[in-house]
Amino acid sequence: MPEVFVAKEEKPKTKKNPKREIREEPEKPVDSLGFFTSYQENPALVSFQTQEQDERIILFLRRHFITNLPWLLTTAVLILLPIFFAGFLSQLTESLLLPERFLFILLVFYYLIVFAYAFINFITWFYAISLITEKEIVDVDFSDIIYHNVATTKLNLIEDVDYTQTGILQSFFDFGDVYVQTAGNKPNFDFLGIPKPKAVASIVHNLIGQTNYA
Amino acid sequence: MPEELSFIFSLLQSTLLLKIVVVLMFFFYILFALIVFNQVRVMNNIVKIAHFGSFISLIALLHLIGAISLFLIALVIL
């Protein structure tokens with residue numbers, strides 16, 4: 001008898017094999033930086049001029065944000081100063097027979113200078129960074145607007161690393177100084193006021209261990 | 001009357017002198033703002049820190065524009 005209808009044999013439904021995630025080597029998580037970040041392991045979107053193609057940045061460092069407190073307080077005082085001396089300033093302009101527009105212009109100029117003071121202090125902090133890569137240590141120094149210096153040293157030239165953490169403030173906010181001693185007449189690297197100095201010293205120590213044994 | 005006139009004249013002269021000093025001061029401030037802007041640009045070439053470099057550049061540019069505006073305002077209203 002001819003078969004009118006033959007039900008198709010239902011193949012056991014199998015889910016499409018999801019692409020196997022072949023992880024030859026576990027990649028280190030990369031974290032993006034915040035605007036005020038002072039310490040970041042495996043930072044994303046950070047690079048420097050002399051960086052090689054395959055050179056990965058392991059650690060991003062800059063002074064702890066709390067070290068900005070002195071100039072932040074000074075800025076706050078400078079902002080409030082003309083408000084406290086408003087009466088005195090108006091008396092002064094009257095006694096000197098100066099038109100009020102002079103006072104206005106000079107006041108605007110004063111606040112522009114205060115802004116510049118804060119801005120320069122901020123960028124001095126912002127651009128003075130240290131980077132530890134797989135191959136070298138990069139120290140970018142930026143101060144007094146007209147001075148900047150980029151110092152680098154290969155990891156195999158590092159001889160010793162130590163750190164200091166003194167005072168209540170440094171202990172409370174967990175920041176301190178890390179000193180990297182280099183071989184020969186190469187200048188030493190001082191990372192001052194950086195967060196987690198113990199961890200930084202440990203990372204550099206591990207790296208120079210790897211480099212020396214490689 | 002001549003005494004009053006000389007007083008007004010000396011006052012005008014002192015105001016004019018003050019205006020020159022202030023305008024000169026603002027001019028030098030523009031140069032300073034230019035240096036700041038240039039340094040920020042140089043630093044952005046040396047290190048790239050996420051996308052914050054362009055934001056800092058923008059602030060430096062606004063500072064420069066502020067300095068130029070103040071100079072021009074001083075020229076007009078003083």
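The legends below describe close-up views of a predicted model.

**View 1. Gln40(A) and the residues around it.** Gln40(A) belongs to strand 2 of chain A, which covers residues 39–41. The relative accessibility of Gln40(A) is 13%, so this residue counts as buried. Leaving aside residues up to four places away in sequence, Gln40(A) touches Asp31(A), Ser32(A) and Leu33(A), and also Ile58(A), Leu59(A) and Phe60(A).

**View 2. A nonpolar surface patch on chain A.** Two helices of chain A, helix 1 (69–84) and helix 2 (86–95), each contribute at least two residues to the patch. Helix 1 of chain A gives the largest share, six residues.

View 3. Is Ile83(A) buried or exposed? Ile83(A) is exposed, because its relative accessible area is 57% and the term applies over 50%.

**View 4. Confidence along chain B.** Chain B has a mean pLDDT of 87, and 83% of its residues reach 70 or more. Among the elements of chain B, the lowest mean pLDDT, 84, belongs to helix 1 of chain B (residues 2–46). The highest, 94, belongs to helix 2 of chain B (residues 52–77). For the model, the scores are ipTM 0.85 and pTM 0.81.

Notes: Residues are numbered from 1 along each chain as its sequence is written. Chains are lettered from A and ligands numbered from 1 in the order in which they are written. This is a predicted model: local features need pLDDT of at least 70, side-chain atom pairs count only at pLDDT 80 or more; totals for chains, interfaces and linings use all residues. Side-chain values use heavy atoms; hydrogens and water are left out. Helices (H or I, at least four residues) and strands (E, at least two) are DSSP runs, numbered from the N terminus. Buried means under 20% relative accessible area, exposed over 50%, partly exposed in between (1.4 Å probe, protein chains only). Contact means heavy atoms within 4.5 Å. pLDDT is the predictor's confidence in each residue, from 0 to 100.
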